[in-house]
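Let's walk through this structure together, starting with what the words mean and then moving from helix to helix. Keep the viewer open as you read.

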Amino acid sequence: MEEEAEIDRLPMDLLAQIFVFISSFTDLAQASSVCKKWKRGVKRSLARRESLSFAGCKMDDETIARLIRHAYSLKDIDISKSRWGCQITDKGLYRISLAKCVSNLTSISLWGMTGVTDKGVVQLTLVLWSCRHVTENGLLVLVNKCRKLESINVWGTRVPVGCFMGLLTIHPGLMIKI
């Protein structure tokens with residue numbers, strides 16, 4: 001009979017804590033395919049994360065939404081476009097909006113995303129950075145629906161400056177970054 005490997009004797013919580021230190025999604029995917037225990041450990045490690053960055057990763061709506069669905073403690077998400085082509089669309093934002101962590105979110109960076117419009121924006125608490133298709137109406141609905149929103153970065157949007165007074169009327173404590 002084979003003796004159990006040392007790492008297999010680790011309690012699940014300790015194994016999950018080790019996986020928290022792995023930032024590469026490729027490495028986490030490979031770790032989750034080792035065995036059922038490691039797969040559970042990777043899922044638990046995602047649940048503990050407060051921030052995730054997909055910047056520089058080539059991922060689509062489905063992959064990003066699936067990972068975020070497991071991240072119960074998530075507060076910050078970076079889905080910025082990079083030269084490698086991380087892409088998210090309104091459909092992906094909608095899928096993310098169904099995740100349990102959405103009520104905890106304080107920011108999402110969508111810098112450079114061209115597939116995002118008002119339809120997707122109203123689903124989430126966002127840091128809007130260079131989303132050129134977001135309008136005044138989308139921002140007003142967003143601030144009205146996202147009561148925990150602390151700040152919003154609207155740099156690069158094509159929203160008139162007068163819109164910001166309307167946002168502050170809805171949420172006087174909102175920090176607007178231009």
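Predicted model: local features only at pLDDT ≥ 70, side-chain atom pairs only at ≥ 80, totals over all residues.

First, a word on accessibility: buried means under 20% relative accessible area, exposed means over 50%, and partly exposed is whatever lies in between, with a 1.4 Å probe and protein chains only. Residues are numbered from 1 along each chain as its sequence is written, and side-chain values use heavy atoms, with hydrogens and water left out.

Arg48 is a handy way into the salt bridges. The term stands for a side-chain nitrogen of Lys or Arg within 4 Å of a carboxyl oxygen of Asp or Glu, and the structure holds 4 of them. One joins Arg48 to Asp13, with the closest N and O atoms 3.1 Å apart. Arg48 lies in helix α3 and Asp13 in helix α1, so this pair ties together parts that are 35 residues apart in sequence. (Helices are DSSP runs of H or I with at least four residues, strands are runs of E with at least two, and both are numbered from the N terminus.)

Asp13 has another partner: it forms a salt bridge with Arg44, where the closest N and O atoms are 3.0 Å apart. Again distant parts of the chain are linked, with Asp13 in helix α1 and Arg44 in helix α3, 31 residues apart. How exposed are these two? Asp13 is partly exposed at a relative accessible area of 44%, and Arg44 counts as partly exposed too, at 38%.

Now for a pair elsewhere. Glu62 forms a salt bridge with Arg95, the closest N and O atoms being 2.2 Å apart. Glu62 sits in helix α4 and Arg95 in helix α5 (residues 90–97), so the pair connects parts that are 33 residues apart in sequence. Glu62 is partly exposed at 36% relative accessibility, and Arg95 is partly exposed at 27%.

Lys91 is exposed, with a relative accessible area of 60%. Lys91 and Gly115 are 24 residues apart in sequence and 9.2 Å apart in space, C-alpha to C-alpha.

Next up is helix α2 (residues 25–32), where Phe25, Leu28 and Ala31 are buried. Why do they end up on the same side of α2? They cover an arc of only 120° around the axis, where the arc is that of the directions from the helix axis to the C-beta atoms. The buried residues of α2 pack against α1 (12–20), α3 (36–48), β1 (51–53) and α4 (61–69), with contact meaning heavy atoms within 4.5 Å. At the start of α2, a side-chain oxygen of Ser24 comes to within 3.1 Å of the backbone nitrogen of Asp27. Strand β2 (residues 76–78) is joined to β3 by 3 bridges, and Asp76 stands opposite Ser107 in β3.

Last stop: helix α8, where Cys163, Phe164 and Leu167 are buried. Seen down the axis of α8, its buried residues fall within an arc of 100°, so they line one face of the helix. Met165 and Thr169 are exposed on the other side of α8, and the buried residues pack against α7 (136–145) and β5. In the loop between α8 (163–170) and β5 (175–177) you'll find His171, which is buried at 17% relative accessible area. Leaving out residues up to four places away in sequence, His171 touches Val143, Arg147 and Leu149.

Note on methods. Polar contact = N/O pair within 3.5 Å; in protein donor to acceptor, adjacent residues only side chain to side chain. Pairing = 2+ DSSP bridges.
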